[in-house]
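Welcome! Have a look at the structure first, then try each task before reading on.

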Amino acid sequence: VSRGPVGVATLSHYLAPVLTPLMALMLLRERPSRRTYPAALVGLLGLALLLQPASAAGSGRDALWTAVFGASSAVFYATMVPLGKKLAPHFSALEVQGYHSYVSALLLWLLVPHLHIVWLGLGKLLVASALGGIGAGALFYSGIRLIPSGLASVLTYGEPLVATAVGAAAFHEAVKPIGLLGVAMIVGGGVWLAVEKRESLPRPS
């Protein structure tokens, strides 16, 4: 995000729903349904219309590096979903969410410059971590126990929708008409995949 347009960073990160079914096939032998890839691609196109990264400020070189880092993030996310699903029978959702956090916290402590944080700010950080981090993560890992990885990844397109809605409501950020078409494509692709009959899905071998 620090190198280039936010829209490019977000769009390239959300290649994850396209990559997750591939990772699930390799790690879990979980075959994607017929609707998985069409729904993921429709959602990705809708996200592009919503963000319109081509119109964002920044040089082509900055946008390229931003896309490379965003796509790298997508690869890690696409690997995390099937691995979390594979660990689900052996650990609770909180354990799956929490164990890797120790490594992350250590790396942050070692690599990120230390800043002076006032007690009030630390309190807000702890509350946000509990709700947006631990709570949301536990719900996510509880959910992927019950649904295919491809469906879980496509439903993550709801995240930029919520961010856009918050931006419009709290910060009065306008959404262009073509952005509303993107919203419809994201929601439509997710609903189309979610209502697919589960018994018609190929079972993992």
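**Exercise 1.** Is S149 buried or exposed?

*Solution.* Please keep in mind that this is a predicted model. Start with the relative accessible area of S149, which is 1%. Buried means under 20%, so S149 counts as buried. Finally, look at its surroundings. Setting aside residues up to four places away in sequence, S149 touches T20, A24, L28, E30, V81, P82 and K85.

**Exercise 2.** Find how many helices and strands the protein has, and describe the pattern along the sequence.

*Solution.* Counting the elements gives nine helices and zero strands. Reading along the sequence, the pattern is α-α-α-α-α-α-α-α-α. Of the 205 residues in the protein, 32% are buried. Among contacts with a separation of 6 or more, 90% are between residues 24 or more positions apart.

**Exercise 3.** Work out how helix 2 and helix 3 are oriented to each other.

*Solution.* Two packed helices are described by the angle between their axes and the distance between the axes. Here, helix 2 (residues 16–28) and helix 3 (residues 36–51) pack at an angle of about 160°, and their axes are 8 Å apart. Angles over 145 degrees count as roughly antiparallel, so helix 2 and helix 3 are roughly antiparallel to each other. Now list the residues that meet: P17, V18, P21 and L22 come from helix 2, while T36, Y37, A40, L41 and L44 come from helix 3. Sorting the residues of this contact gives eight nonpolar, one polar and no charged.

**Exercise 4.** Which residues have the most contacts inside the largest nonpolar core?

*Solution.* As background, nonpolar side chains tend to be buried together in soluble globular proteins. The largest nonpolar core in this model has 14 residues, and L47, V154, Y157 and I186 have the most contacts inside it. Then ask where the core residues come from: helix 3, helix 7 and helix 9 (177–194) each give two or more. Helix 3 gives the most, with five residues. To see one member up close, take I186: leaving aside neighbours within four places in sequence, I186 is in contact with G43, G46, L47, L50, Y157 and L161. Apart from this core lies another, of six residues, among them A93, A138, I144 and A152.

**Exercise 5.** Decide what kind of aromatic pair F91 and Y99 form.

*Solution.* A search of the whole structure finds five aromatic pairs. In the pair of F91 and Y99, the ring centres are 6.0 Å apart and the planes lie at 85°. Planes over 60 degrees apart count as edge-to-face, so the pair is edge-to-face. Check the accessibility too: F91 is partly exposed at 32% relative accessible area, and Y99 is partly exposed at 46%. Elsewhere, ring pairs link Y77, F140 and Y141 into a cluster.

**Exercise 6.** What distance separates the C-alpha atoms of V187 and V42?

*Solution.* First locate V187, which lies in helix 9. Its relative accessibility is 40%, so V187 counts as partly exposed. Then compare chain and space: V187 and V42 are 145 residues apart along the chain, and their C-alpha atoms are separated by 9.6 Å.

How values were computed. Residues are numbered from 1 along each chain as its sequence is written. This is a predicted model: local features need pLDDT of at least 70, side-chain atom pairs count only at pLDDT 80 or more; totals for chains, interfaces and linings use all residues. Side-chain values use heavy atoms; hydrogens and water are left out. Buried means under 20% relative accessible area, exposed over 50%, partly exposed in between (1.4 Å probe, protein chains only). Contact means heavy atoms within 4.5 Å. Rings of Phe, Tyr and Trp (its six-membered ring) pair if their centres lie within 6.5 Å; planes under 30 degrees apart count as stacked, over 60 as edge-to-face and the rest as tilted. Axes are lines fitted to C-alpha atoms, for helices over the stretch in contact, and angles run from 0 to 180 degrees between N-to-C directions. Helices (H or I, at least four residues) and strands (E, at least two) are DSSP runs, numbered from the N terminus. Angles under 35 degrees count as roughly parallel, over 145 as roughly antiparallel, 65 to 115 as roughly perpendicular and the rest as oblique. Ala, Val, Leu, Ile, Met, Phe, Trp, Tyr, Cys and Pro count as nonpolar, Asp, Glu, Lys and Arg as charged, and the others, Gly among them, as polar. A nonpolar core is a set of buried Ala, Val, Leu, Ile, Met, Phe, Trp, Tyr and Cys residues joined through side-chain atoms within 4.5 Å.
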